[in-house]
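Here's a quick walk through one part of this model. Have the sequence and the 3D view open as you read.

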Amino acid sequence: MKTKNSINPITKYLTSVLKYLTTIMPALLWMIVFFVIPLIFIVVVSFSTRGEVGNIVYKFTLSNYINLLNPLYIDIFIKSILIAIYTTALCLIIGYPFAFIIATSPKKYKPLLLLLIILPFWTNSLVRTYAMIVLLRTEGIINTLLLHLHIINVPLHLMYNNTAVMIGMLYMMFPFMVLPLYTSLEKLDKRILDAASDLGAGPINKFLKVTLPLTKGGIISGCILVFIPTLGLFFVTDLMGGSKVILMSNLIKNQFLTARDWPFGSAISVVLIIVMLSVITFNSRTPGTKGIL
Amino acid sequence: MNMKIKKTNLMKFIYLLLVFLFLYIPIMVLIAFSFNQSKLNVVWTGFTFEWYQSLLHNAGILDAVKNSFIIATISTIISVIIGTLAAIGMYRYKFKGKRIVDTILYVPLVIPEIVMGISLLAFFSIVKIPLGKISLIIAHVTFSIAYVVAVVKTRLDGFDKSVEEVAMDLGATPLKTFFYVTLPIIMPGVIAGALLAFTLSLDDVIISFFVAGPGSVTLPLKVFSMVKFGVTPEINALSTLIILLTVVVLSFALIIRNVNINMKKIVVILTSIFLVVASISSGIYTYTKNNAAPKEVLNVFNWSEYLPQSVIDKFEQTYNIKVNYSTFSSNEEMLAKLMAGGGNYDLTVASDFMVEILSKQGLIQQINKDSLTNLKNIGPQFLNLPFDKGNKYSTPYMWLAGVISYDSSKIPEGTIKGYKDLWKPELKNSLTVLDDERVIIGMTLKMLGYSLNETSPEALQKAKEALIKLQPNIKSYDSDSPKTSLINGEAKAIFAWGAEGSLASRENPNIKYVIPSEGLFLQQDNFVIPKAAKNIKAAELFMNFIMDPEISAEISQSFPYGNPNTSAYKYINKKILDDKAVYPPEKAVKKGEYLRDIGNSVTTLDKIWTEVK
Amino acid sequence: MTKGVFVQLLNICKSFDKDEAIIKNLDLDIRQGEFLTLLGPSGCGKTTTLRMIAGFELPTSGCIVIDGENITEMPPYLRCVNTVFQNYALFPHMNIYDNIAFGLKMKKMTKKAIKDKVNEMLKMVQLEGYENRMPSQLSGGQMQRVAIARAVVNSPKVLLLDEPLGALDLKLRKQMQLELKHLQKILGITFVFVTHDQEEALTMSDRIVVMNKGVIEQTGTPEELYERPRTKFVADFLGETNILEGEVFKLKKDEVLLKLYEEEDIIRIPNLSYKLGDKFIVSVRPERIRIKENPQEGDVWLECKFKERIYVGSNIKVVMILKNGKEIIVNEPIGQNFIFSDEIKNYFVTWNPNHTIVIKA
């Protein structure tokens with residue numbers, strides 16, 4: 001029998017390329033056309049100028065970014081980041097024990113409890129925000145109740161301020177924190193905890209030295225899933241803040257719709273993108289914290 | 001020891017309970033009040049289904065539901081197919097640049113939606129894709145793909161590759177392997193991905209907000225505009241139905257998880273889903289469809305709360321033309337949408353100075369007055385105004401005056417006589433004003449004694465400082481429905497157009513108004529036809545229809561703005577004609593001022609506006 | 001019983017991505033109807049070789065011929081070869097019947113023909129009545145049998161088995177070994193079996209191919225490999241043995257004296273034309289060694305001390321230590337154990353020089 005030499009390299013290459021083409025290409029092409037290119041476009045526009053009545057003049061300029069250095073905008077930027085951080089922190093602090101309790105509850109309750117968490121998550125976000133408004137309004141439930149019970153004499157101004165916006169965001173994003181936390185808590189091998197006890201760790205030590213580090217992945221996922229979208233929830237700010245509270249998201253919306261300064265709006269968006277990218281790269285750099293999604 | 005465990009269990013239980021209460025009480029309240037007779041969502045006055053009934057007759061909502069379902073279904077199908085293929089490809093093959101593809105498929109999950117929304121808006125406007133169902137579907141597919149990939153990938157992680165090898169070993173070609181083995185095994189993941197994509201599409205607010213066009217209002221967007229008005233519990237009823245739908249879909253998903261899947265069952269499930277969806281959509285479709293299929297479509301763009309549904313219905317029935325009615329809350333927003341090339345609006349409404357801007361920009365076309373037989377009904381004092389001499393581009397629609405309305409049970413009469421009284425310290429946190437920079441800055445200028453259209457730097461500087469001092473008094477900015485704040489007690493006084501005050505007083509007789517002493521802020525709104533209009537004939541028919549005296553009177557009845565149609569006066573309720581908020585006394589009108597285009601100074605105003613807020 | 005050459009692997013080389021070659025210049029002839037085992041430690045390339053025959057890997061160079069046909073580049077679904085996978089890989093979403101019927105369905109057989117064949121197969125693996133069960137409902141052994149049935153029902157020319165018994169517990173594994181051997185005899189199909197368990201190989205195979213680091217060390221019947229290993233690796237891998245290294249230091253007429261490196265002792269081996277200074281590896285099976293206080297004439301003997309004794313059930317292992325520390329293991333059948341006195345003194349291990357296995361280094 002003759003010994004045959006290596007397989008024809010061209011056919012080999014073609015068949016393998018064909019495999020990639022059919023599976024990945026459609027998605028890749030779609031995302032490049034409708035996702036990557038528009039984003040690149042925004043970056044380009046951020047370096048352009050605004051025409052007299054709001055059209056885009058493609059003349060290179062850094063003025064939009066220089067504009068951003070105005071303390072006014074820096075202020076808005078900081079406020080947005082702070083609110084996002086507070087919301088994330090609150091979600092984490094309230095959410096972690098919550099997820100923990102559910103993850104450690106007896107098997108028969110778990111599906112039900114999970115269902116109860118997921119249900120609001122899948123309900124329309126506007127509906128949920130509106131529900132919050134109903135509660136917090138000056139003549140809403142909470143105030144009426146408290147007045148009725150004579151706990152307060154003057155209605156609380158729960159709406160149209162920073163606090164309202166934060167409550168709205170918290171309500172909206174809470175499930176996004178709980179689910180990744182729950183997943184990583186669930187995956188925790190209980191036997192490791194047993195080993196810790198066996199070696200003499202009390203409940204607090206067990207938590208700090210074993211549970212917490214091992215669920216780091218879930219914590220970081222949850223934080224990312226809350227922090228970043230919060231920066232873009234303009235309608236919560238709109239509805240709960242009565243257009244009085246201005247954050248980066250509202251600023252962008254205004255620039256694009258009302259003030260028709262697309263270049264400036266794009267510049268703000270680019271800043272937002274940079275924030276997001278830094279958070280993500282920070283996540284993947286930190287060892288042992290591959291996000292759980 | 002037992003006691004300790006019991007105690008911790010109790011604490012755990014209480015904690016869970018509290019959090020769940022926090023999550024669910026708002027929703028419960030919402031659902032409860034959908035059955036409440038009272039309009040105000042506070043006190044229970046009786047059980048009723050009327051809101052659900054009126055919901056079913058609300059064409060706007062049904063339209064939105066239909067749109068949402070169509071868009072969700074189509075985008076789900078596309079994204080599931082593309083996404084599943086991609087997930088399989090990523091799982092199977094290693095190649096150069098895999099990390100990059102991975103990132104591209106991951107980023108949409110974490111990017112703020114607003115960035116995606118505006119980038120798509122910009123993209124569509126450059127590539128000249130009209131905003132409508134197509135743009136919405138494209139947008140929804142774009143963010144759904146990432147989610148489908150993530151979900152299917154998770155399912156693939158536990159997938160045993162050798163099963164595929166076995167299949168090939170037993171004689172199945174790669175294609176057959178995919179359909180007989182791979183697909184059925186990952187089907188639960190695919191279905192989960194599909195459900196997720198479907199829900200996300202139905203739920204999407206932010207991205208849809210930017211890329212929706214006329215005739216493609218989705219359910220969330222409709223809810224968004226309804227929330228801003230928040231007047232009737234119809235929205236509670238709608239919310240309850242949405243929640244119900246979610247529960248049904250979720251239970252369905254859970255049931256699927258526990259059932260073993262094979263090809264036969266997949267076919268059964270898919271057919272049943274298809275049947276259910278088809279029957280729902282055809283049900284909705286027959287509901288929204290009128291008798292004969294409308295031959296033409298007219299896209300109208302107008303301020304919110306400016307044209308009653310009854311008039312639109314009458315027009316549709318008279319001329320058998322379907323009207324797609326979209327709304328905006330400010331001139332600038334309308335201008336932005338027109339400039340983005342988005343939306344093929346055939347007819348839009350613009351205020352005086354905006355007509356100037358539009359004509360300068362070449363965005364509107366000259367109108368053919370020959371077909372506008374009802375133009376003679378318009379009073380001559382409203383024609384031939386400086387912003388459009390000869391009415392080449394516009395016909396008058398309504399005129400309005402800025403009026404301060406207040407709740408006399410909270411603020412004693414006589415406290416407010418003019419703009420400057422708004423600055424009074426006792427009005428802390430009690431005002432709702434229009435979210436319109438020209439109006440508010442202009443008002444401040446007038447308060448300082450300047451003209452509304454003043455552009456000198458010193459004047460603007462003083463206005464800015466004054467406005468900053470006003471901020472503590474302003475509770476909220478609202479151009480959509482400022483009267484809501486007044487009615488539901490959030491604000492004690494509002495500065496808005498007269499009609500708002502008039503409507504508010506219908507709900508609450510305590511509400512009175514004041515014509516500001518410094519001088520009235522006047523505005524004339526007009527119909528214009530955008531250059532990109534497709535159905536000009538229908539547009540002209542509509543303009544003419546509106547100027548019919550009886551129709552015009554009907555509009556005034558619902559939205560009592562100043563009506564330039566003098567022939568309509570005999571049909572208008574005398575109370576409205578006497579209402580000072582709507583028809584201020586002659587001398588006040590003479591003292592009033594209209595807004596003019598101030599060209600580039602707008603940017604200075606933009607800056608002030610942002611700084612002040 | 002075994003006929004002519006049926007499967008040929010000719011000069012097969014395989015390397016993944018420019019790394020070092022996993023398989024180097026492998027030549028192998030498999031006879032029709034034989035039960036051939038590829039035996040070796042993890043990473044020796046036996047599974048890769050198997051997968052190349054199945055078609056899941058492409059050889060980097062060389063060719064594979066089955067029944068006269070060069071199938072080197074044929075995709076797996078066209079080959080007349082079927083595989084039983086290590087983890088069974090049953091289709092989780094199909095019941096047992098559909099699992100077994102799959103290959104037949106791919107061949108587009110009629111429903112009736114399929115039914116007949118599947119039932120026949122179920123009978124053969126003693127799983128009648130299990131048609132409608134799902135894989136998740138079966139035990140390991142049952143799944144194993146379904147996997148075998150699923151492969152065999154297609155009447156392949158060659159059946160490949162990739163460590164199929166690895167996941168079973170000892171008792172079940174031994175039972176399955178016998179069943180598989182039995183099955184092969186009945187079907188008459190060529191079996192190529194992969195395992196790292198040398199005892200399993202010795203039990204089941206007609207011939208064994210011992211592989212190490214991508215090359216074939218030796219091919220032969222179990223007895224050949226056990227009694228006459230040709231390399232140190234084979235000697236060491238199959239069964240237990242004691243390995244001693246040394247070189248020729250004195251030539252005599254019938255025998256040759258080897259000086260052992262580890263030990264200043266010498267041993268005698270039959271002279272088969274060795275030269276002075278030739279290096280050797282010597283292998284002695286533990287069961288061939290006896291412990292004596294005083295060696296006899298004609299024996300090979302080495303001086304040693306007692307270290308420990310291990311009870312294994314069917315025999316007793318005694319570990320002795322030679323003069324400079326190397327251990328020698330001796331298997332004593334029950335009832336013939338040497339009785340050691342309490343004082344520490346030197347003993348001798350001896351064996352018949354004919355039982356010395358000599359491997360030229």
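## Where two helices meet

In chain A of this predicted model, A:Ala164, A:Val165, A:Gly168, A:Met169 and A:Met172 of helix 7 touch A:Val236, A:Thr237, A:Met240 and A:Gly241 of helix 11. Contact here takes C-beta atoms, placed from the backbone, within 7 Å, and helices are DSSP runs (H or I, at least four residues) numbered from the N terminus. Sorted by class, that contact has six nonpolar, three polar and no charged residues. Ala, Val, Leu, Ile, Met, Phe, Trp, Tyr, Cys and Pro count as nonpolar, Asp, Glu, Lys and Arg as charged, and the others, Gly among them, as polar.

As for geometry, the axes of helix 7 (residues 162–187) and helix 11 (residues 234–241) of chain A come within 8 Å and cross at roughly 135°. That makes the pair oblique, the word for angles that are not under 35 degrees (roughly parallel), over 145 (roughly antiparallel) or 65 to 115 (roughly perpendicular).

## Chain A meets chain B

The contact draws 84 residues from chain A and 82 residues from chain B. On the chain B side, they split into 54 nonpolar, 16 polar and twelve charged.

## Confidence and numbering

The model scores ipTM 0.82 and pTM 0.75. Residues are numbered from 1 along each chain as its sequence is written, while chains are lettered from A and ligands numbered from 1 in the order written.

Notes
Predicted model: local features only at pLDDT ≥ 70, side-chain atom pairs only at ≥ 80, totals over all residues. Axes fitted to C-alpha atoms, helices over the stretch in contact; angles between N-to-C directions.
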